[in-house]
Amino acid sequence: MPFTRRDFLKLAGGSAGGAAILAACRPGVREFIEQSPARLPEDQATGTDNWYATTCRQCGAGCGIVVRLVEGRAKKIEGNPKHPVNMGKTCARGQSSVQAIYHPDRIRRPMKATGARGSGAFREISWEEALNILRDNLKGLQGQAGTVSIVTDPAGGHLGGLVQEFARAQGAVFTQYEPLEHSTLREAIKRAFGQERIPDFDIKNAAQVFSFGADFLGGWVSQVRHSRGYGEFRQGDRVRGALTSIDARFSSTSASADTWVPVTPGAEGKLALAMAHVIISENLGAARAAQALTGGRGAAALDAFAPDRVAAAAGVSAARIRELARAFADRAHQPAIAIGGGSAGAHTNGVFNLTAIYALNHLVGSVGVRGGVLPNPESPLTSLPGAVSVRLLPKAGGAPYTAWKAEVDRIRGGAVKTLLIRNANPVWGSPSALDVAGAFSRAGFIASFSSFLDDTTYMADLVLPTNLPLEDWGDMPLDPAPGIEAVGFQQPVVRPFYETRGFGDLLLTLSQDLGYERQIPWTTFRDLLRDGAQRLYQLRRGSINAATFEGFWNELLRAGGWWDETRTGTLPATVPLLDLTDADAQTGNAATYPYALLPFESISLGNGQLAQLPWMQATPDPIATTTWDTWVEVNMKLAEEQGLKEGDVVRLESPSGAIEAAVYPNPATPPGVLGVPIGQGHKAFGRWAQGRGSNPLAILEPRVDAKTGSLAWAATRVRLVPTGNRRRIPKMENSVLAVDFTKEIAQVTPKD
Amino acid sequence: MTTQHAQSPKWSMVVDADRCTGCQACVVACQAENNVPLNTDDIFKQKRAIEWIRIERYWEGEYPNIKARFLPVLCQHCENAPCEPVCPVYATYHNDQGMNVQIYNRCIGTRYCANNCPYNVRFFNFWEPVWPESLRNQLNPDVTVRSRGIMEKCSFCIQRIRAGTRRVKKEGRALADGDVVPACAQACPTDALVFGNMHDAGSRVRKMSEDKRHYRLLERSGTDPNVIYLKRVDPTATEGAGHE
């Protein structure tokens with residue numbers, strides 16, 4: 001029965017009942033702060049908006065954003081026009097961080113598990129009680145090395161440094177976890193360019209870009225920065241750049257490319273070397289680089305990778321390979337950039353593939369030149385402030401699979417008494433062959449620092465709700481940097497919406513209580529960041545010119561970061577010798593498992609970390625236009641032959657498990673490949689993610705790259721079994737009446 | 001029918017299909033700015049999703065020589081808008097700045113306008129929009145939440161046009177290019193969406209609209225749209241080819 005205003009007045013009129021009702025309807029204390037409008041802080045004044053700069057943390061790119069606030073509430077994200085990474089622009093994911101703050105299923109208060117582990121029964125407790133439990137637990141394990149394991153999502157900068165110091169003081173093991181890490185990319189970059197920092201690709205000024213598996217216009221590494229360059233690459237004030245996509249799957253980048261070359265998964269490196277063979281043998285490129293790469297032997301060193309020998313394995317004809325090589329090295333269209341990543345690096349020969357691809361840049365002389373591959377300088381902040389420690393800050397990025405597996409096995413073996421997890425969701429993101437949930441059930445005690453009750457937090461004994469990035473302090477040494485020294489800073493643009501606390505602040509509180517002040521002398525994370533900023537201030541250069549530190553600090557937060565355009569990176573003068581070992585990709589048995597499974601990063605859900613947000617769930621996939629579900633891209637002709645229609649539910653079976661997904665016949669999917677988006681299949685994670693779709697990461701075989709131990713997530717083969725069930729796929733395609741009957745809607749022209 | 005003062009701006013958008021990568025940033029930015037109801041999976045299945053701007057994807061050719069073409073489609077703000085004369089209550093009309101405007105509290109939900117729109121960019125609210133209480137904190141106070149039974153569509157972010165005009169007036173100067181940027185164009189990472197005043201000879205939209213690649217959607221239907229498209233360039237295409 002609705003309770004109307006009239007009912008309310010009636011009740012309030014009677015004295016005894018009225019008092020009770022009024023007491024029950026009292027607004028929350030927070031809302032009851034009375035101040036005259038004249039004395040309101042300016043971000044609370046009615047009708048006025050305010051904009052605050054900070055750093056976006058929806059992925060690892062570190063774009064600068066400005067957040068619109070009205071009456072203390074975050075309303076809208078926009079790009080920070082002055083920020084060197086994204087220059088005023090955002091992606092779909094960046095827009096959605098405001099939605100996370102007001103998500104109805106956020107964890108509001110600390111909680112303690114009341115039932116069996118994983119039963120999902122929790123009781124809210126006070127912060128004091130929660131911190132007491134955690135402190136007593138950690139105190140009991142002091143001096144027992146390895147009994148505490150700390151697992152976080154990628155944490156670099158001062159937060160990473162703080163976790164590292166805390167782990168050292170406690171004797172804990174610190175591991176960063178993310179489902180698809182970039183170890184093979186970093187290793188290949190190190191081999192090709194002699195440094196671990198991912199370079200800046202000057203797409204804006206390039207004449208050609210060849211992308212091997214790297215969906216750089218999709219979610220790969222730094223989408224907004226790449227897209228910013230791509231717009232100018234196509235229609236800037238110059239000759240139109242040409243884009244070639246060499247990819248086992250038709251990605252967003254393939255869709256935007258002039259030429260798409262479907263390649264056999266795992267053969268990207270061989271194809272690149274075949275191109276190198278052509279460039280060297282036909283003397284099309286830089287002779288000195290060719291000498292260095294081949295150890296002076298020239299094309300003969302690459303004879304095993306001659307186009308005729310590679311054609312069958314790569315599924316690309318020798319004539320086509322020669323065409324590609326000649327186009328890439330065409331002197332009239334330089335500089336040409338070769339970018340490798342994504343599925344090309346996610347095979348047992350991942351480092352081989354990516355190194356061969358990046359070596360192509362040396363061959364055409366596009367390393368370190370305008371419009372080419374630009375090296376990045378080291379971050380000016382490499383250790384924690386003060387004389388306490390000279391240990392390097394950790395690089396943000398997940399540990400390779402073998403290192404992660406070693407830690408999981410240690411937990412499974414019962415060596416870990418206490419597991420601290422922050423924002424990482426390995427129970428969902430690791431292959432089921434690893435049985436992370438089973439291993440975690442052997443940990444003595446699990447505490448999770450998280451904003452949401454995700455699959456992993458669900459298993460915790462103690463839940464400590466943390467601030468979201470828009471409510472918290474932070475910094476971000478940019479990696480990749482935008483070709484110059486740059487550090488992004490993050491400030492709380494809104495007050496915490498619930499009773500949450502910052503992860504950094506919590507670690508510092510614990511450090512005080514546990515007696516680690518000598519190693520970790522700060523009381524708030526803001527103090528630690530300010531000390532870090534002091535170092536930038538003392539450099540007396542860069543984008544901020546201030547007479548005092550206070551002035552510098554204010555300007556740092558106002559601008560959302562610090563950068564110095566005069567400090568670019570330098571490359572070693574030598575070109576490396578190519579390592580030709582581990583050339584063959586190992587996948588499963590093609591006879592029993594006929595299809596290559598290619599999981600791909602969703603443009604909206606990322607690698608699953610944004611699946612709780614309804615805006616991201618409702619964002620159509622650029623190619624399939626699908627939303628809210630897990631689908632499997634099946635070649636349209638193949639689907640017809642197999643009698644599969646859109647929405648038919650099929651089982652994808654690998655030797656490591658099976659998932660169900662709805663068929664989406666896709667005319668651009670290669671017949672031997674099945675593409676499945678990553679992001680769904682959560683057992684928990686709020687009302688919009690829970691129980692929705694399935695997770696292709698679960699059925700991956702635990703193969704790893706031979707050189708780094710990184711998970712070869714594109715090296716699993718599957719078979720496809722119809723279930724006889726059907727479901728309608730929620731999608732945008734055909735959602736509105738077709739307007740394209742005139743064939744005049746999407747017009748094209750051959751001439752720029 | 002339009003009345004135009006020489007000094008009043010004529011708002012227009014140029015969509016460069018050669019820059020668009022179909023990334024959906026504009027779509028989400030628009031929903032965040034304009035309090036568009038949450039598109040749940042059921043709503044998609046009913047084909048009633050509301051996207052004031054959407055990315056259409058067209059296929060061309062066959063595997064392996066296949067191309068995907070992306071095209072952002074929003075209200076075309078036609079000068080001869082087919083939606084306007086059919087509204088029995090004058091809820092949709094043309095203002096003096098070249099925009100097709102929807103007055104929510106006049107609308108009685110006949111849906112004639114949506115039936116008459118050749119671009120399918122008008123959306124009917126079949127249900128009362130629902131947000132969990134906490135999510136309402138995100139709603140933009142400058143934009144009306146539309147109730148059940150009325151039409152909505154792209155407004156060119158009229159709240160931003162108003163705010164920009166007010167700000168400029170307060171500062172005692174004339175509107176300059178870039179003073180008003182709708183949410184979609186603000187987000188667009190490749191700068192495929194450009195907004196501005198067509199009456200300003202120096203504006204980016206004016207210059208881009210003179211590009212030889214320009215065309216307008218369903219031009220022959222005579223709707224005279226204020227959204228101008230620049231053709232996607234494909235060196236392998238033949239002149240005059242469209243999608244299949």
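**Close-up views of a predicted model**

View 1. Thr382(A) lies in the loop of chain A between β13 (373–374) and α15 (401–412). Helices (H or I, at least four residues) and strands (E, at least two) are DSSP runs, numbered from the N terminus. This is a predicted model, in which local features need pLDDT of at least 70, side-chain atom pairs count only at pLDDT 80 or more, and totals for chains, interfaces and linings use all residues. Residues are numbered from 1 along each chain as its sequence is written, while chains are lettered from A and ligands numbered from 1 in the order in which they are written. Thr382(A) counts as partly exposed because it has 13 C-beta neighbours inside 10 Å; a residue is buried with 20 or more other C-beta atoms within 10 Å of its own, exposed with 12 or fewer, and partly exposed in between, with C-beta atoms placed from the backbone.

**View 2. Contacts of Thr382(A).** Apart from neighbours within four places in sequence, Thr382(A) is in contact with Leu392(A) and Leu393(A). Two residues are in contact if their C-beta atoms, placed from the backbone, lie within 7 Å.

**View 3. The side of chain A that touches chain B.** In chain A, 64 residues are in contact with 68 residues of chain B. The elements giving two or more residues to this side of chain A include β3 (73–79), α8 (223–235) and β26 (748–749). The largest share, 7 residues, comes from α8(A).

View 4. β26(A) and strand β11 (residues 232–233) of chain B run parallel and are joined by 2 bridges. Strands pair if DSSP finds at least two bridges between them. Within β11(B), Val233(B) is the bridge partner of Thr749(A).
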